[in-house]
Each structure stands twice: as C-alpha cells, then as structure tokens.
Amino acid sequence: MIRVLLVHDACLVRSVLAEWLRREPGLGVYDTPWHQATARMRSVVPDVCAADLDGSDAQGVPTLAELRKSDPRRPSPQLVVLASANRPGLLKRAAEAGALGYVDKEGAPERLVRAIHAVAEGERFVDDSLGFGFLKAAQIPLTRRELTVLGLAAGGASIAEIAGSLHLSHGTVRNYMAAITRKTGARNRIDAIRISQGEGWL
C-alpha cells in the first residue's frame, strides 16, 4: 500500500481528486490544505506527497523542501507536483526541493496515478507538456540574492528592513532593486513583484 498525501488549497478540487485516487487499488490517500500540510505529514507519514504548486507560494505555508523533511526520524516522502508550464519559477523551486514527479494540471488524472507509482519506486516522472516550462525555468533572470530581496519586498519590508534583515547597506539594497526592475522589464518595484509572482519566481 502506497500512502499518499494530497496537498491542495482548493477544497472542491482536493476532495474530488482525493476521492478519485482512493478508487485506485494499492493507494491509501489522505488530503490537506497547504497551511495544515506539515502537521498532516507528521500524522500520516506518507510515502508520496502530491502537492499543487500554485499553493506553495502563499505566505505562511511550508516550503516544498520542508514537506520532505517534516520528520527527520523517518524517510523523506517522494514528491510529486501538480504544475503548469506557464509558471516556470515554481517548476524550478520544485526541482531544487528534490521533486521526482511533475504532472501537468491540464492533463488526464491517470497521469497523476502513474506519477505516484513511479516516484514510489524512486523513478522520475515528467509530463512532456511541461518541457517548455522547464526551458523557461532555466532562463530565470534573477539571482538567488535578488529573489531573496524581492521576496522580502513582496512581504511589505522597506529598504531599511531588507537591509537589516540581510545585513546589507541601504545603497546595496537599492542597487539590487534597480537590477531587479531592469532584469524583469518592470516599471517599478510593485511591477517587478507582480511579474515575478506571475511567473512563479516568488
């Protein structure tokens, strides 16, 4: 029996998908919204975690990496993500978190079942339709440091607060913000945040 935890913030979608997965022989399926994911990971101890990437960028939710390391005394679950090619930043973050399975949310639900079985065996599963998203993910223009600065700005931090948090001078933070605005083709900081969130970089 493969124990599966489905993480999705849309209650209707999550409930229907979980019920559909429960009909598959050999799967024990549990479900949770993102903000309860860490606690559910500890109680369920799944073999596979299937997570909707669109909920993983909200504030106050665990990161993908945290999902995989929710209990250091137990083996990390394998990670399958439900993704879209038009949010390449999220695909990149999933890859950095060690996800083995990538299922296109526009595809058939049978693909998710195949991905769950594959990653449970330690095998990689990637929908071909996500290939363009991975190509775009390799071309993200912002460095890690710039993404960190922009992430703090998106959370409402001022230049002074960002500088204090990252132990940088105010001028250095302003330089980062100028570079971010230029690289994203944005008009200003707010526009850079909007563009970056839309692409899934934040």
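Biologist: How far apart do the C-alpha centres of domain 1 and domain 2 lie?
Modeller: In this predicted model, those centres are 30 Å apart. Domain 1 covers 2-136 and domain 2 covers 144-198.

Biologist: What makes the two domains count as in contact, and how many residues take part?
Modeller: Contact needs heavy atoms within 4.5 Å. Domain 1 supplies four residues to the contact, and domain 2 supplies five residues.

Biologist: How much area is buried between domain 1 and domain 2?
Modeller: About 250 Å². Carbon and sulfur atoms give 16% of that area.

Biologist: Why is the pairing of glutamate 96 with arginine 144 called a salt bridge?
Modeller: The cut-off is 4 Å from a side-chain nitrogen of Lys or Arg to a carboxyl oxygen of Asp or Glu. Here the N to O distance is 3.3 Å. That is within 4 Å, so the label applies. Between domain 1 and domain 2 the count is one salt bridge.

Biologist: Which residue classes make up the side of domain 1 that touches domain 2?
Modeller: Two residues are polar, two are charged and none is nonpolar.

Biologist: How many residue pairs are in polar contact across that interface?
Modeller: The rule finds three, with both residues of each pair at pLDDT 80 or more.

Biologist: What makes Lys105 a lining residue of the second largest cavity?
Modeller: A lining residue has an atom within 4 Å of a cavity point. Lys105 is on the list, so it has such an atom. Leu53, Asp54, Leu82, Ala83, Ser84, Arg87 and Leu90 line this cavity too.

Biologist: How does that lining divide by class?
Modeller: Four nonpolar, one polar and three charged residues. Leu and Ala count as nonpolar, so Leu53 and Ala83 are among the nonpolar ones. Asp, Lys and Arg count as charged, so Asp54, Arg87 and Lys105 fall there.

Notes. Residues are numbered from 1 along each chain as its sequence is written. This is a predicted model: local features need pLDDT of at least 70, side-chain atom pairs count only at pLDDT 80 or more; totals for chains, interfaces and linings use all residues. Side-chain values use heavy atoms; hydrogens and water are left out. Domain bounds come from an automatic or database domain assignment. Buried area is the accessible area (1.4 Å probe) that two parts lose on being put together, summed over both. A polar contact is a pair of N or O atoms within 3.5 Å; within protein, one must be able to donate a hydrogen and the other to accept it, and residues adjacent in sequence count only if both atoms are side-chain atoms. On a 1 Å grid over the protein atoms alone, a cavity is a set of points where a 1.4 Å probe fits but cannot get out, and a pocket is an open set with protein on both sides within 12 Å along at least five of seven lines; lining residues have an atom within 4 Å of a point.
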